[in-house]
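Student: Could you show me how to read a protein structure, one feature at a time?
Tutor: Gladly, let us look at one together.

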Amino acid sequence: ATVNKGNRKVKYTGKGYKGNFAVVAMMKKELSRYSKNGMVLLNTFMGTVFFIALPFVALFKKEEFIQLSQTFHGEFALILAGILCALTFSNFFAPSCISMEGDSLDVIRVLPIQTKRIFLAKGLANGVVTGIPAVLSSIALCIILKQSFLLSVCVLLAVTACVVLASAGGI
C-alpha cells in the first residue's frame, strides 16, 4: 500500500555518472594519506620546502645570482632548470604510499575502479604536491633573475616535463 495512490510515479531524471569522479576521490585519498603519514612527509617534503625557499634566497642574493647569470649567459637557464628538476625528482612520494606487501593497493583494487585509474590518481596527487610549487618557484625565479621570455618558457617547460616524468615514473 502506498500513500500516493492516485499520483503519477516520479521518474528519476538525474545526470549520468561522471567517470572522473573516482579519480578525483582517489587523488584526495592519496593526498590525505600523504599528509597524515609523517614518515612519507619527512622523506618527500624537503623538495617542496626548497621550492618555496629558493625564490626567497634568490631575492635576497639577487646581485650574486644576476652576476652568475651574466657570467654563464644562456647556460644559467639550463643550470636553473637542472636545479629545479633535481628538486622535482626528490619530491615524488607515490611509491612510498604503496606498502611492500601491496596491502594498500589491494584494498583499493577491491573497489570497482580500473587499476589504471588508481595509478592515474596517484600520479595526479604527486603532480599536485610537486607541480604547483615547482611551477610557481620557476616563474618567481625567472622574474627575480630577469631571464628572457624564451629562456623562462624553456625553464618552465623543463620543470613541467620533470614533474610529469616524476609523477608517471613514481608510480
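Tutor: We start with a definition: a residue is buried when its relative accessible area is under 20%, exposed when it is over 50%, and partly exposed in between (1.4 Å probe, protein chains only). Keep in mind that this is a predicted model, where local features need pLDDT of at least 70, side-chain atom pairs count only at pLDDT 80 or more, and totals for chains, interfaces and linings use all residues. Residues are numbered from 1 along each chain as its sequence is written, and side-chain values use heavy atoms, with hydrogens and water left out.

Student: Is Lys 116 buried or exposed?
Tutor: Lys 116 is exposed, because its relative accessible area is 61%. For the chain as a whole, 34% of the 171 residues count as buried.

Student: How many helices and strands does the chain have?
Tutor: Helices (H or I, at least four residues) and strands (E, at least two) are DSSP runs, numbered from the N terminus. This chain has eight helices and zero strands. Lys 116 sits in helix H7.

Student: What is a nonpolar core?
Tutor: In soluble globular proteins, nonpolar side chains tend to be buried together. A nonpolar core is a set of buried Ala, Val, Leu, Ile, Met, Phe, Trp, Tyr and Cys residues joined through side-chain atoms within 4.5 Å. Here the largest one has 16 residues, and Leu 80, Leu 84, Leu 141, Leu 145 and Val 155 touch the most other members. Helices H3, H5 (75-89), H7 (115-144) and H8 (149-170) each supply at least two residues of this core, and H5 gives the most, with six. There is also a second, separate core of six residues, which includes Val 23, Met 27, Ala 121 and Ala 125.

Student: Which residues does Leu 84 contact, leaving aside its neighbours within four places in sequence?
Tutor: Contact means heavy atoms within 4.5 Å. With those neighbours set aside, Leu 84 is in contact with Phe 51, Leu 54, Ser 137, Ser 138, Leu 141, Val 155 and Val 159.

Student: And what about Thr 88, is that residue buried or exposed?
Tutor: Thr 88 counts as buried because its relative accessibility is 0%. This threonine belongs to helix H5. A polar atom of the Thr 88 side chain lies 2.9 Å from the backbone oxygen of Leu 84.

Student: Where is Thr 71, and is its setting buried or exposed?
Tutor: Thr 71 is in helix H4 (residues 62-72). At 55% relative accessibility, Thr 71 counts as exposed. A polar atom of the Thr 71 side chain is 2.7 Å from the backbone oxygen of Gln 67.

Student: What should I know about the phi angle?
Tutor: Most residues other than glycine have a negative phi, and most peptide bonds are trans. In this model, phi of Lys 146 is near 55 degrees, a positive value in a residue other than glycine. Lys 146 is found in the loop between H7 and H8, and counts as exposed at 60% relative accessibility.

Note on methods. A polar contact is a pair of N or O atoms within 3.5 Å; within protein, one must be able to donate a hydrogen and the other to accept it, and residues adjacent in sequence count only if both atoms are side-chain atoms.
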